[in-house]
Amino acid sequence: MISEQAKQRMRDLAARYPVARSAVMPALHMVQQEEGYITDEGLQAVADALNMTTDDVESVATFYTMYYQQPKGKKVIKVCNSISCYLRNCDALIEHLQQRLGIKPGETTPDGKYTLMTVECLASCTTAPALQVNDEFVENVTIESADALLAELDQELNNPRPPLPEREQVITFESPRSEVRLS
Ligand code: FES
């Protein structure tokens, strides 16, 4: 359920732009932070806050791979399979991750820990092959470093740290003001 606080933050954000719909991407991030993925209720909340149709909001939400259309694992591993990463053997990396996790791209492990995805260019072509774990980049990935990464992630998932005190999150956008505070 989208909180009233999140809805108000969307409206506040929209008011900072000359055109309210310009706030659609950060508003969708707010939905994803609250729901874990882009729900129908989230689409409606964004549409209401930004005076858009749900179809318009959905067209943005489904265009970008950073917005999830269904529940995902705690760790979402996105492996780039565009040209630079392809030339640096991302296929072998993807195959290896499939075998290690027992899932194919687009699937989530039954324990809900991992989702594996293949995505288009992550803009890290000079350090290919590249992947992201949630929002963190991992570059120059090898089979060995992928194994080390999975071991690290397993360790983290099996020994979750106590939550940190809530702190202000800042996402930077170019327009119309350089900084948008999400809480
Ligand atoms: S091609 Fe993989 S990061 Fe650009």
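Two residues are taken to be in contact here if their C-beta atoms, placed from the backbone, lie within 7 Å. The model is a predicted one, so local features are reported only at pLDDT of at least 70 and side-chain atom pairs only at pLDDT 80 or more, while totals for chains, interfaces and linings use all residues. Residue numbers start from 1 along each chain as its sequence is written.

Leaving aside neighbours within four places in sequence, E34 touches I2, S3 and A6. The C-alpha atoms of E34 and I2 are separated by 6.6 Å, although the two residues are 32 apart along the chain. Burial is judged by counting the other C-beta atoms within 10 Å of a residue's own, again placed from the backbone: 20 or more makes it buried, 12 or fewer exposed, and anything in between partly exposed. E34 has 17 C-beta neighbours inside 10 Å and therefore counts as partly exposed.

Read from the N terminus on, the elements follow the pattern α-α-α-α-β-α-α-β-β-β-α-β-β. Of the 183 residues, 25% count as buried. Among contacts between residues at least 6 apart in sequence, 58% join residues at least 24 apart.

Helix α2 (residues 24-35) has packing partners in both α1 and α3. Helix α1 (residues 4-15) packs on α2 at an angle of about 165°, and the two axes are 10 Å apart. That angle makes α1 roughly antiparallel to α2. For the record, axes are lines fitted to C-alpha atoms, for helices over the stretch in contact, and angles run from 0 to 180 degrees between N-to-C directions. Angles under 35 degrees count as roughly parallel, over 145 as roughly antiparallel, 65 to 115 as roughly perpendicular and the rest as oblique. The crossing of α1 and α2 is right-handed; a crossing gets that label if the near helix is turned clockwise from the far one by less than a right angle, and is left-handed if anticlockwise. On the α1 side the contact involves A6, R9, M10 and L13, which meet P26, A27, M30 and E34 of α2. By class, this contact has six nonpolar, no polar and two charged residues. In this scheme Ala, Val, Leu, Ile, Met, Phe, Trp, Tyr, Cys and Pro are nonpolar, Asp, Glu, Lys and Arg are charged, and the others, Gly among them, are polar.

Helix α3 (residues 40-50) packs against α2 at about 145°, with the axes 10 Å apart. Here too α2 makes a right-handed crossing, this time past α3. V24, A27, L28, V31 and E35 of α2 meet G42, A45, V46, A49 and L50 of α3. The class count for α2 with α3 comes to eight nonpolar, one polar and one charged residues. A27 turns up in the contact with α1 and also in the one with α3.

Next comes the sheet. Four strands make an open, mixed sheet in the order β2-β1-β3-β4, where strands pair if DSSP finds at least two bridges between them. The edges are β2 (114-119) and β4 (136-138), each pairing on one side only. Neighbouring strands are turned by 25° against each other on average, direction ignored. Strand β1 (residues 75-80) runs parallel to β2, with six bridges between them, and C80 has V119 of β2 as its bridge partner. Toward strand β3 (residues 131-133), β1 is antiparallel and forms three bridges, with V79 bridging to L131. Five of the six residues of β1 are buried, so this strand is largely enclosed by the rest of the structure. Helix α6 (residues 90-101) lies across β1 and β2, at about 155° to β1.

A few backbone details stand out. Most residues other than glycine have a negative phi, and most peptide bonds are trans. N51, in the loop between α3 and α4 (54-61), is a non-glycine residue with a positive phi, near 55°. It is exposed, with 10 other C-beta atoms within 10 Å. A123, in the loop between β2 and β3, likewise has a positive phi, of about 65°, without being a glycine. A123 has 10 C-beta neighbours inside 10 Å and so counts as exposed. P129 lies in the loop between β2 and β3, and the peptide bond joining A128 and P129 is cis, with omega about -5°.

Key: Helix = DSSP H or I, 4+ residues; strand = E, 2+ residues; numbered from the N terminus.
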